[in-house]
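Subject: Structure handover

Hello,

Here is the structure I promised to pass on. Please open it beside this email and follow along as you read.

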Amino acid sequence: MPLDAQTGTIIRGTAVVAGLAHGSARWVRRSDLLDPEAADSGAAGAAGAPASDSAGDSVSGDADGAAPDSERLDRERQRFVEATATVGERLDQRAALATGVSAEVLSANAVLARDRGWAKAVTKELKKGLGVEAATVAATETFVEMFTRIGGRQAERITDLRNICARVIAELRGLPEPGVPEFSEPGVLLADDLAPADTAGLDPAMVLAIVCEYGGPTSHTAIIARQLGIPCIVAASGLGAVAEGARVLVDGATGTVEVGPDEQSASEAAAADKAMRVKAAGWTGPAVLADGHPVDLLANVQDGDGAAAAAAGPAGGIGLFRTELAFLDQPEEPTVAEQAELYARVLGAFPDSKVVTRTLDAGSDKPLAFAGMTEEENPALGVRGIRVDLLDRGLVDRQLDALAEAGRQVGGAQSSPWVMAPMIATVDEARDFGERCRERGLTPGIMVEVPSVAVAVDRFLPHIDFLSIGTNDLTQYVMAADRMSSELAALTDPWQPAVLRLIRTVAEAGAAAPDGRVVPVGVCGEAAADPHLAMVLLGLGVSSLSAATAAVPFVGAALAEVTLERCRELAALALDSDTAREARAAVIDAVRA
């Protein structure tokens with residue numbers, strides 16, 4: 001453990017969720033339950049299983065009358081199965097109480113806990129003579145090594161795997177689940193790398209802010225923090241020097257953590273931020289700038305429940321309906337009728353407003369069991385999004401059929417639903433998708449994620465009716481940096497001036513399409529959830545913003561304080577910067593001045 005940071009020390013990271021928080025640091029440390037040296041060291045015997053030594057030696061039968069190896073294997077395997085079932089059930093229960101991305105992450109982790117491949121790998125290790133704890137750790141590390149080699153989005157699953165493994169080991173030992181400490185009073189949560197399953201269960205009333213030494217701005221943890229409205233910083237190098245209980249001031253807008261700040265100044269700054277949050281909580285929409293300029297401020301959702309929650313708030317519609325999340329846990333493709341029922345619930349939540357549906361963004365870290373997808377060495381550049389056509393063109397066609405049917409069921413403004421395809425890279429793909437949509441009476445659009453679309457956007461415009469910029473992937477591809485790499489978090493920051501310049505190019509092209517039309521250009525990536533960046537995006541010419549439902553009031557309240565001309569001035573400051581950090585600082589300083 002490094003020496004404690006001195007009073008006045010400033011630790012810098014990548015800003016994820018804006019907001020100021022002042023309080024005592026509470027650490028989440030890595031669990032030693034995953035230490036192979038400690039696995040099966042006596043606790044297994046206390047739980048009723050045959051004991052083994054700390055190195056995980058064989059516990060097979062011997063002259064002292066121990067059970068034969070086959071009986072030991074069956075007993076140890078059954079203990080693993082029961083432990084994973086218990087952990088999975090707890091995660092399912094937490095998912096049932098959560099909503100949106102939090103529910104999605106918890107459900108995905110519950111499925112991961114019961115993964116058959118993991119169980120088979122544990123059995124293989126048990127057959128080598130390891131005790132159940134050592135076998136669980138060894139099997140987990142086998143998958144960790146595999147995901148590390150694959151890289152890309154698969155790398156984020158490493159944190160999930162180890163977190164679930166630690167929960168299972170704790171269950172085997174009869175110990176409480178590891179993870180976030182109990183908060184007796186509000187404080188700031190610090191971690192080297194916080195598992196998404198832990199983030200999803202946080203209480204925003206007690207956790208004032210989240211700061212992680214690792215992680216990236218588009219990780220699940222970051223996305224959930226936005227959904228919960230908790231100020232968040234990732235990739236904060238040197239965070240380990242902050243002592244448990246130290247007083248800190250976290251600025252989620254600038255990505256800084258001040259250790260031992262002046263208490264009065266910090267308290268006043270936090271109080272001012274709290275006042276802004278109260279204002280945001282009371283913001284009911286619609287989104288309008290200070291000069292009366294209307295803003296299309298929408299919500300990102302993943303199912304009917306999420307759409308209903310968005311409709312209960314100030315969101316003006318839905319800018320991103322992630323349909324693939326309804327497919328991920330399905331062993332077989334849902335029928336057109338089943339899909340239509342789901343889509344109708346989402347469309348029906350906003351019968352008179354814009355609802356933009358995204359076709360399957362499957363692949364990479366979201367494989368479909370029924371689509372014949374295989375592991376790829378570089379999944380972020382592999383078969384994902386519209387490229388599922390290469391495996392089964394009917395998957396997208398059936399989605400479009402179901403969406404058209406849902407539109408007919410809801411009627412009114414949803415009679416010609418807006419639908420967009422992810423990972424479009426060529427004009428031919430855009431033309432083909434547009435034709436397939438129009439054959440069904442749908443309004444076609446494409447996502448701008450692949451740089452080829454941004455640099456030749458004028459060639460794509462004749463074939464579609466709207467564009468939606470996915471800043472998460474666009475930034476990853478423009479900067480040639482894996483969005484899941486904490487070491488590259490500064491590169492995958494959407495404030496990167498090169499990314500902002502491309503967004504300006506796309507927005508300007510949409511405003512003056514070659515055929516004389518005005519093609520709407522929205523942003524549905526995580527960038528739209530940052531109130532300061534939202535101002536910049538409007539200044540660049542973007543016509544709509546879509547963010548997590550919880551982020552909508554914060555963005556709306558902030559936009560009400562600025563004019564469109566001011567947004568353009570802020571955009572110019574960002575474009576005139578050389579780094580993401582400089583761009584963010586220039587804009588925030590100007591807004592706070």
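Cysteine 567 is buried, because its relative accessibility is 0% and the cut-off for buried is under 20%. Keep in mind that this is a predicted model. Cysteine 567 sits in helix H20. Look for its contacts beyond four places in sequence: they are Leu289, Met535, Val536, Leu538, Gly539 and Val562. Leucine 537 is 30 residues away from cysteine 567 along the chain, and their C-alpha atoms are 8.0 Å apart.

Serine 577 lies between helix H20 (564–575) and helix H21 (580–592). Is serine 577 buried or exposed? Serine 577 has a relative accessible area of 10%, so it counts as buried. Its side chain reaches the backbone oxygen of leucine 573, at 3.0 Å. Serine 577 also touches Pro497, Glu582, Ala583 and Ala586, if you skip residues up to four places away in sequence.

Which strands pair with S14? One is S13 (residues 443–448), parallel to S14 over four bridges. There, methionine 447 has serine 468 as its bridge partner. Another is S15 (residues 521–523), also parallel, over three bridges. In that pairing, leucine 467 stands opposite valine 521.

Leucine 467 comes up again in the largest nonpolar core, which has 91 residues. Which members touch the most others there? They are Leu467, Ile503, Val536, Leu537, Leu545 and Leu559. Helix H12 (residues 394–410) gives the most to this core, with seven residues. There is also a second, separate core of 37 residues, and Val87, Val122, Phe147 and Ala200 are among its members. As background, nonpolar side chains tend to be buried together in soluble globular proteins.

Leucine 545 is then in contact with Val295, Asp296, Leu297 and Leu298, among others. Its contacts also include Val523, Ala528, Ala534, Leu537 and Leu538. Val555 and Leu559 are on the list too.

Last stop: valine 410, in helix H12. Valine 410 has a relative accessible area of 26%, so it counts as partly exposed. Beyond four places in sequence, valine 410 is in contact with Ala344, Leu347 and Gly348. Alanine 349 is 61 residues from valine 410 in sequence, yet the two C-alpha atoms are 9.7 Å apart in space.

Best wishes

Methods
Residues numbered from 1 in each chain as written. Predicted model: local features only at pLDDT ≥ 70, side-chain atom pairs only at ≥ 80, totals over all residues. Heavy atoms only, no water. Pairing = 2+ DSSP bridges. Helix = DSSP H or I, 4+ residues; strand = E, 2+ residues; numbered from the N terminus. Core = buried A, V, L, I, M, F, W, Y, C linked by side-chain atoms within 4.5 Å. Buried < 20%, exposed > 50% of the residue type's maximum accessible area, 1.4 Å probe, protein only. Contact = heavy atoms within 4.5 Å. Polar contact = N/O pair within 3.5 Å; in protein donor to acceptor, adjacent residues only side chain to side chain.
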